[in-house]
Amino acid sequence: MTSEQRTPEQSWPTHWPKVARDIADATADALAAVRAANRDGLRDAVEELRGLSFEQVSSVHAAIVRELLEDTHPDGLSSEDVQDALTACAKSTIVWLPDLDVQALAAVYTGALGISDLEDDSFRIGHGAYLRSAVLVIGSLSTGVKKAQSAYIIRAIDEIARAQTIEMP
């Protein structure tokens with residue numbers, strides 16, 4: 001999607017570096033494809049994400065997943081809650097994406113929660129499958145919140161930038 005085709009919701013902070021805006025744009029494109037259940041659009045958006053730093057993209061996506069889980073489970077998250085979220089995502093996605101990899105969806109949840117090693121999971125599953133699964137998880141979790149998906153993208157990138165500027169003792 002070109003900058004001329006983006007909605008006002010997809011205007012990102014101007015102080016962000018280009019790479020942050022590129023990650024936000026590609027993530028928003030992928031989430032639009034998920035909302036539309038558009039297999040071809042999702043494939044193209046995932047290819048766009050794959051052209052960026054996997055470490056940076058997956059960090060942003062993991063932060064979004066964590067915040068969405070917090071917002072959808074304000075009283076705390078149990079293993080049953082994670083299982084329910086995984087099942088809901090799989091059920092809503094399999095109807096339009098029959099080659100869905102449920103293990104990759106599970107890896108996104110466990111990686112975002114720090115239960116498994118993201119690098120190991122992404123190597124085993126493949127970066128493309130991992131990134132595709134991450135946006136599917138984000139899209140599924142987003143259906144249970146009132147905030148716009150762009151707000152989660154902005155907050156994740158801003159939080160990562162803030163954490164990177166804090167000097168460790």
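Contact here means heavy atoms within 4.5 Å.

## Basis of the model

The model is predicted, and local features need pLDDT of at least 70, side-chain atom pairs count only at pLDDT 80 or more, and totals for chains, interfaces and linings use all residues. Residues are numbered from 1 along each chain as its sequence is written, and side-chain values use heavy atoms, with hydrogens and water left out.

Helices (H or I, at least four residues) are DSSP runs, numbered from the N terminus. Relative accessible area is read as buried under 20%, exposed over 50% and partly exposed in between, with a 1.4 Å probe and protein chains only.

Isoleucine 154 is found in helix 8 and touches Trp12, Pro13 and Trp16, not counting residues up to four places away in sequence. Its relative accessibility of 23% places isoleucine 154 in the partly exposed class. Between isoleucine 154 and arginine 21 the C-alpha to C-alpha separation is 9.6 Å, although the two are 133 residues apart in sequence.

Glycine 144 sits in the loop between helix 7 and helix 8. With a relative accessible area of 58%, glycine 144 is exposed. Glycine 144 and histidine 73 are 10.0 Å apart in space, C-alpha to C-alpha, and 71 residues apart in sequence.

Two packed helices are described by the angle between their axes and the distance between the axes. Axes are lines fitted to C-alpha atoms, for helices over the stretch in contact, and angles run from 0 to 180 degrees between N-to-C directions.

Helix 1 (residues 18-35) packs with helix 8 (residues 149-165) at an angle of about 150 degrees, and their axes are 10 Å apart. Helix 1 is therefore roughly antiparallel to helix 8 (angles under 35 degrees count as roughly parallel, over 145 as roughly antiparallel, 65 to 115 as roughly perpendicular and the rest as oblique). The crossing of helix 1 and helix 8 is right-handed; a crossing is right-handed if the near helix is turned clockwise from the far one by less than a right angle, and left-handed if anticlockwise.

From helix 1, Ala20, Ala24, Thr27, Ala28, Leu31 and Arg35 meet Gln149, Ile153 and Ile157 of helix 8. By class, the contact of helix 1 with helix 8 has six nonpolar, two polar and one charged residues. In this scheme Ala, Val, Leu, Ile, Met, Phe, Trp, Tyr, Cys and Pro count as nonpolar, Asp, Glu, Lys and Arg as charged, and the others, Gly among them, as polar.

## Helix 7 and its partners

Helix 5 (residues 102-112) and helix 7 (residues 127-142) have axes that come within 8 Å and cross at roughly 75 degrees. This makes helix 5 roughly perpendicular to helix 7. On the helix 5 side the contact is made by Ala104, Leu105, Ala107, Val108, Tyr109 and Gly111, and on the helix 7 side by Ala129, Tyr130, Ser133, Ala134, Leu136, Val137 and Leu141. The contact of helix 5 with helix 7 has 11 nonpolar, two polar and no charged residues.

Helix 2 packs with helix 7 at an angle of about 120 degrees, with axes 9 Å apart, and the crossing is right-handed. Leu42, Val46, Leu49 and Arg50 of helix 2 make the contact with Gly128, Leu131, Arg132, Val135 and Leu136 of helix 7. The contact of helix 2 with helix 7 divides into six nonpolar, one polar and two charged residues.

## Salt bridges

Side chains of opposite charge can pair when their charged atoms come close. The structure holds nine salt bridges, each defined as a side-chain nitrogen of Lys or Arg within 4 Å of a carboxyl oxygen of Asp or Glu.

Arginine 43 forms a salt bridge with aspartate 40, with the closest N and O atoms 3.0 Å apart. Aspartate 40 and arginine 43 are three residues apart in helix 2 (residues 39-50), so about one helical turn separates them. Arginine 43 also forms a salt bridge with aspartate 44, the closest N and O atoms being 3.2 Å apart. The relative accessible area is 47% for aspartate 40, 46% for arginine 43 and 45% for aspartate 44.

Glutamate 67 and arginine 155 meet through their side chains in a salt bridge (2.5 Å, N to O). Because glutamate 67 lies in helix 3 (residues 54-72) and arginine 155 in helix 8, the pair ties together parts that are 88 residues apart in sequence. Glutamate 67 is buried at 12% relative accessibility, whereas arginine 155 is partly exposed with a relative accessible area of 45%. Salt bridges that share partners join Glu67, Asp71, Lys147 and Arg155 into one network.

Note on methods:
Helices (H or I, at least four residues) and strands (E, at least two) are DSSP runs, numbered from the N terminus.
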